[in-house]
Amino acid sequence: MNMKRVLFFSALAILTACNCSEQKNLTLNDLEYFETQGLNVLVYSNTYNGGFNDEKNSGIELIHHGVRTVTGGAVRLSNTPEQWDLVPQMTDRVVDKENNTIEVTLRYPDYDFDSRVLVKGLEGGEVEISVILDKPVPEELIGDAGFNLEFLPAQYWGKTYLMDGNPSILSRYVVSNTITRPNSEKIKQYKGYHTADDRGTGRYIDPQPLATGHTLVMASDTPERSVKITSPEAEVSLYDGRLLAQNGWFVVRSVLPAGKTGTVLSWKLQGNVIDGWVREPNIGFSQVGYRPSQDKVAVIELDKKDKPLAKASLYQVGEDGKASEVFTGKIVSWGDYYKYHYVKYDFSAVTTPGVYYIQYGDVKTNHFVIEEHVYDKITDATSDIWIPIHMDHMFVNEAYRVWHGQPFRDGYLQAPPSTDHFDLHSQGPTTDTRYKALEHIPGLNIGGFFDAGDFDIETGSNIGVVQNLVQTWENFKPERDQTFVSQEQRYVDLHRPDGTPDILQYIEHGTLQLVAQAEILGHMAQTLSNGVLDNYHHLGDAASMTDGLVYNPKLGPYEVSADGRTSGVKDDLWAFTSRNPGLDLRAATMFAAASRALEGYNDDLAKRALTQSKRLLKEATDLLAAQSSGRNGRGGGGADMGTNLQLYITTGEQQYIDRFQESLWPALDRNVSGNLLTAMNAIPVMDEAYKEKLRPYVVQYQEYIDELEQDNPYGVPIGLGNWAGSGGVVSFGTTVCYANEYFPDIVDARHAFKATDWLFGCHPYHNYSLVATAAAARPKAVFYGNNRADFSFIPGNVAPGLLFRQPDHFENYDDWPFLWGQNEGTIGGNTSYLIFGSAFRNIVIK
């Protein structure tokens, strides 16, 4: 018998075995999705939000044995949709519990094309998916409009699939066939942009199917992931979306027929459910470990079908590698929180330094340590590695590895007026500068930091970064020196001390970029970002994103001038320069702070920063006053408050502190948790009366902390938006640290440990550290960084964390880095973590 037949019969046997037990019916629950134990089918519980188009978080989705493995069930216009391909608008959603159906109406306004997708729960654990058209597919969409369903590659590669009984393997690497077609046949993408450079061929890439038939079984050899799709009338094709984009998914697709109305397509979908399946307990604990004297509480996340045990145990691992039980403690129920039930295991009584693990029933954690100095290194990877790797306009080296060459030698062009950008920026009707559309702006390619997993300079983020670095420097004076930085050479070398505290060099680097903007443009740019979409999604060395030659409109495409200095390649980044006085006020705050930190290190830059701070403060205040009431008012007011405080600290002039207090107290009355940290930053330069006036607001903040204990089992603010909430936890932890520093009688330091516990592994879904810190025993394996295509991470990164998917599901993929809302660290977030880590260590060593 040949290998193909062996594979077929083995897979068929497993599939038969896993389907032999009776499948439970999928029925609509009160949260309006189809449910049976081990399988949830969501139908537009989450919608495409329009921010970044296809974020792989909408349409018909499957949460299969606890993992969201399938998404994007919708009428789409291509075989393997990319992020910036058009997504349908959901215009209506009707839930009919009596008939066990959900129907959504989808619309493509660009083509005046409407469809309805009806999902009905059937007996035996199936759903029927029908596409209904009141009018035929528009002529220009014939052959392109189809129903798609996307499968998460990391959960399916290496597994078998059966197409009409013929077995094959889903590859770990993308290897499949493509053809090219004329660009005239390509469905337009977001606002007319293009995700690929056709290099002058006039043709685009069209992926071809891996297999086509009428019955497809995905993961036929893996019961917990097996999904069967049947369509007797329509052909079902399987594609690999990674052919066009590394973040693509496996796509199952049927093309809608031409010239028909009514029910034009019907699938039956069955997700296999393992009989008696109960999700394994997730034991949340700190991967960094614990100090002997601190509270030590594991939060255990349980399936609601799982009966809590009475006790859990702590084991210590001796020098001989043998484990012995050293503590047994009671399990205390906290209660239900969204999908799961939560219990707690307190092992604070254990104070002996050593190596330990927790065992709850048959589940045991990886090893962690209890030791006095576990928190000493929690920020080292962030400051030594992540931050310098994100230094723009520099060559960055680490031992044998080059992280990136010197990017953007070609500098930046003026963004044309009335440009609506794909990264949510826009250029207004004028440039607000002396430069014409697409004119080269000299001098902007200096300093600054990449924003996140991409290579743009977000001005607002960079302003926040410099402020964070200055606050860290002034409050904690970290003298750590592990990085060589030469502005003259445009060169950075990691792990090479150069005699200067790294953080001062980072402050200088950020300030160089922002002062250049203020001096050259006259105000702050919105962003320095890509002018073309086909290099915005660049993965690899930032220096290879552009050709390093200034764009010359007199040259033909891909032509280089005789002197080798300019080219006809439209790859230069653009400066978006519409003036925003609120942003200018934030910059004024930052410049005032930076000028203090740089004094005595780079006096010239310090002087330039202070000059720009005073100028921007006056101009932006006048501009805001001249604008209609309410426009930019709230953001400008907050920035003005911070600016006046920083200018007072820098100059000592009374006018600034008077203005600060005029803004502060009303701001605290509106929002204590959002403004208390700024208020406490003023304590060192204010009198005792100011601190006493602040005391009632700190009491209010303690009440907020108490409310969090009742809100969720972790006692921290948990974000429920489209960007996960690690940033809120970091801010919470920082505020607690400062409140404990100044008001220890009100706010106890133990609350700060809730933030570290969450960040380092005590959270829903899994127990991996959300921070790629050197101190963690098991950090996340993948992050959304600029090396995400390598399924790796940059040390020191802080993931956004646990992303909430409506109506009740938290997730954080540790095998798929490409979802930015849960895995993308940012320069602003990571430098905020630097403040928190420093403040936290400060209260720990008291």
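Modeller: In this predicted model, Phe591 touches Leu514, Val515, Ala518, Met524, Ala609, Leu610, Gln612, Ser613 and Leu616, leaving aside residues up to four places away in sequence. Phe591 also belongs to the largest nonpolar core, which has 128 residues. Together with Tyr690, Leu694 and Phe840, Phe591 touches the most other members of that core. The element that gives the most to this core is helix α7 (residues 581–598), with 11 residues. A second, separate core holds 56 residues, including Val70, Leu106, Leu149 and Tyr156. In soluble globular proteins, nonpolar side chains tend to be buried together.

The aromatic rings may be considered next. The structure holds 44 aromatic pairs. One of them is the stacked pair of Tyr337 and Phe810, with 6.0 Å centre to centre and 15° between the planes. This pair links distant parts of the chain, since Tyr337 lies in strand β24 (residues 323–337) and Phe810 in strand β43 (residues 809–811), 473 residues apart. Tyr337 is buried, at 8% relative accessible area, and Phe810 is buried as well, at 6%.

The pair of Tyr701 and Tyr704 is tilted, with 5.4 Å centre to centre and 50° between the planes. These two residues are separated by about one helical turn because they stand three residues apart in helix α12 (residues 688–711). Tyr701 is buried, with a relative accessible area of 2%, whereas Tyr704 is partly exposed at 25%.

Finally, ring pairs join Tyr337 and Phe810 with Trp334, Tyr338, Tyr342, Tyr714, Trp758 and Phe804 into a cluster.

Technical notes. Residues numbered from 1 in each chain as written. Predicted model: local features only at pLDDT ≥ 70, side-chain atom pairs only at ≥ 80, totals over all residues. Heavy atoms only, no water. Core = buried A, V, L, I, M, F, W, Y, C linked by side-chain atoms within 4.5 Å. Buried < 20%, exposed > 50% of the residue type's maximum accessible area, 1.4 Å probe, protein only. Helix = DSSP H or I, 4+ residues; strand = E, 2+ residues; numbered from the N terminus. Contact = heavy atoms within 4.5 Å. Phe/Tyr/Trp six-rings, centres within 6.5 Å; stacked < 30°, edge-to-face > 60°.
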